[in-house]
Amino acid sequence: MVDAGTRGVGADVGRPDGVPKVQGRFAFSSDLWADDFLWGHTLRSPHASARILGIDIGPALATAGVHAVLLASDVPGRLTYGLEHPDQPVLADGQVRYVGEPVAVVAADHPDVARRAAEAIVVNYEVTDPLTDPEAAPTAAPIHPNGNVFREINIRHGDLDATGEVVVEGTYEVGMQDQAFMGPESGLALPDDDGGVELFISTQWLHVDREQIAACLGIDEEQVRLTLAGVGGAFGAREDLSLQIHLCLLALHTGKPVKMVYSRDESFFGHVHRHPAKMWYRHHADGDGRLVKVEARIVLDGGAYASTSSAVIANASCFAAGPYKVPAAHIVGLAARTNNPPCGAMRGFGAVQTCFGHESQMDKLAAALGMDPVELRLTNALDSGDRLVTGQVITGTFPVAEVIRQCAGAPAPDIPPSDDRRDLPGGSGRTTDAADTVRGTGFAVGFKNLMFSEGYDDDSSAACRVADGVATVTCACAEVGQGFVTLAQQIARTELGVDEVILAPAQTATIGSAGSSSASRQTWMSGGAVQAACRAVRDQILADVAADWGVSPDGLVLRDGLVVSLDGQQEALLAQITAGAGYEADVEYHHAPTEALDENGQGNAHVSFACAAHRVVADVDPDLGLVRIRDITTAQDVGRILNPTQAVGQIEGGTAQGVGLALMEEIVLDNGLVRNASFTDYVIPTTLDMPDVTIAAWVEEPEPNAPYGAKGIGEPPTISSSAAVAAAVRAATGLPLPRIPIRPADIALA
């Protein structure tokens, strides 16, 4: 096999798409082009709730250069779509339920013409009062035929009458966060001669997109062919559909290629967001700090349509008590429908919101006990063999205590006073003097599941072919920045002993589904599929060579482009052995089965778990309410690191999103209306807002049954970083700060 220290698994191998991206030569979905193509544009509702009394498309059709104007009545197949429940109209059919809901789509020969034509469409709305409070949703008049509740979960575990010597209670809120990826939604659809369509699209799940598109077009899935285009970030927002069906409708209607690229402000309306949350907690503990019972009620605002709200509230509920031993728990989780923008998947998937809640409670409990917050967490830390509040016993590795020790025990940062105003809260605007700042340190730990859950038959397909000594790997895994394009090649090199590996384009026509690039699952699932496909090819090669040489296959290995006998007596070039027809295998990989939660929220719902901890040092100007993060230290449970540089990138990026949620990122809603749909008003962290992230430790305890023992690492950094930032600001100010993002007014006007 190829030495893993050079180019195989575990090596620091550079991304094959890294250089072209840095040089600006990489083709993203917005760069797509075709001969004689048209531009698409969407007309969206300006109202959160209204009935459509009539639509006049005449002025749009009369606009020179317009080729098509389509309404709900032009959808030839199923009128609705949805990742888990098809409840969202392709185009509004008599009713709009959120600001930004698509009402009509236009195709024209220039993007400005398409935009002007859409603006010329006259829609007669009868505006109705929107439902914007998720807590009022269950008893309010239904705003959708499917009702106002997506899912309610009751987790009942242990002795629900148990009480502790020390009891702390709190109510917490988390705002609506946007994924804020760099590349807005875009794609190109080309009609085929057979009545089908080919779509080049940036997405997280090619095959489920195809399934929904075909149903709405009213054609067979085989007539819809998707190819992954360059993805400019995702973080969950591309897991459900945005412009996919609209593009294909316009292409089939006009008989021409159609391209769409959302503007930045339209992107805020074109995808789901992180669920806002309202959470009530009550923690019971004995005098030594051991948890006795956790009670919680979690309400998530799912917005107008289902997307993944059912799964997100399941995660939020399952992980609401944190990575701690909890003998008794009663946790109620509710995901409600409102006339706010739809919410769905975002990095952390429910666990981010509840981590802020349970870690705020652990700090409050530590204060009530007069106990060190880190020691309290160590006292209660879960481990392999322990039981979750869902009754599930942790069978894999779960080194929570070690992650806490490594993070909390890292050397304290030496941050001397600085004359550089950029180091102060408020930055270079000279708003703060060093003498006016106070410093605080906060700590948090969080966890979540890996892969899909609750009985979903999760799988990924991959194919491998070796011909002329070159390996070609095919997998429909969507590369959204997580580095699978690197990892797939590393796996093939490790398993096949070759250096040259080609990764075929991700598309639906040549391979089965790889599932979604979400839930921290692709390293395990698609990595496992590629590993299995490569091993199947390896076994074929070794079996044939063993037969020719009259030896056992167990005595042969693939190494450095050779087939080599372990006794050193024989070797042959792999390129010669695989010349001509070559060897190939196609596999479908599954993880261990899971089961749905029962009526008491009990069951083996998850495959595996990962945890992370963060320690944050923050400087605060209490008079102005300004915050500067000065240091972030983290430790994470990773199973086994497969590519160190990519691991650092995932941890740093996830931490930055957590900082953003804690201090600045929020979609501001006013009775359902989005007030800040731009990067001018929706503020995200820049390099000037982020200190260096010190990784105190990768806690490497290989996970049983996972490929190479690795765990996905993309989500845990976002889960605990927000809670740690909030804890640091609390420590600096002494304020309770029960809501994130923390606004300057929350500090200065407290």
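The model is predicted, so to speak of local features a pLDDT of at least 70 is needed and side-chain atom pairs count only at pLDDT 80 or more, while totals for chains, interfaces and linings use all residues. Residues are numbered from 1 along each chain as its sequence is written, and side-chain values use heavy atoms, with hydrogens and water left out.

We can begin with a mixed sheet. Its 7 strands form an open arrangement in the order β3-β7-β1-β14-β11-β12-β13. Helices (H or I, at least four residues) and strands (E, at least two) are DSSP runs, numbered from the N terminus, and two strands pair if DSSP finds at least two bridges between them. The edges are held by β3 (66-70) and β13 (224-228), and because each has a single partner strand, one side of each is left without a neighbour in the sheet. On average, neighbouring strands are turned by 20 degrees against each other, direction ignored. Axes here are lines fitted to C-alpha atoms, for helices over the stretch in contact, with angles running from 0 to 180 degrees between N-to-C directions. Helix α3 (residues 111-120) lies across β1 (38-44), β3 and β7 (102-108), at about 30 degrees to β1. Contact means heavy atoms within 4.5 Å.

A second open sheet has 3 strands in the order β22-β23-β24, with antiparallel pairing. Here β22 (556-559) and β24 (571-573) stand at the edges, each with a single partner strand. The twist averages 20 degrees from one strand to the next. Helix α12 (residues 522-549) lies across β22, β23 and β24, running at about 125 degrees to β22.

Turning to helix packing, the axes of α14 (residues 644-663) and α15 (residues 716-733) come within 7 Å and cross at roughly 45 degrees. This makes α14 oblique to α15; angles under 35 degrees count as roughly parallel, over 145 as roughly antiparallel, 65 to 115 as roughly perpendicular and the rest as oblique. Residues in the contact include Gly654, Gly658 and Leu661 of α14, and Ser721, Val725 and Val729 of α15. Val648 also lies in helix α14. Val648 is partly exposed, with a relative accessible area of 25%, where buried means under 20%, exposed over 50% and partly exposed in between (1.4 Å probe, protein chains only). Leaving aside residues up to four places away in sequence, Val648 touches Ile695 and Trp698.

Helix α5 (residues 244-254) is largely enclosed by the rest of the structure, because 9 of its 11 residues are buried. Among them are Ile245, His246, Cys248 and Leu250. After α5 comes Gly255, whose phi is positive, near 75 degrees.

Finally, the cysteines. The structure holds 0 disulfides, a disulfide being a pair of cysteine sulfur atoms within 2.5 Å. For Cys248, the nearest cysteine sulfur, that of Cys216, is 10 Å away, and Cys248 is buried with a relative accessible area of 0%. The sulfur of Cys477 is 5.4 Å from the closest cysteine sulfur, in Cys475, too far for a bond. Cys477 is buried, with a relative accessible area of 5%.
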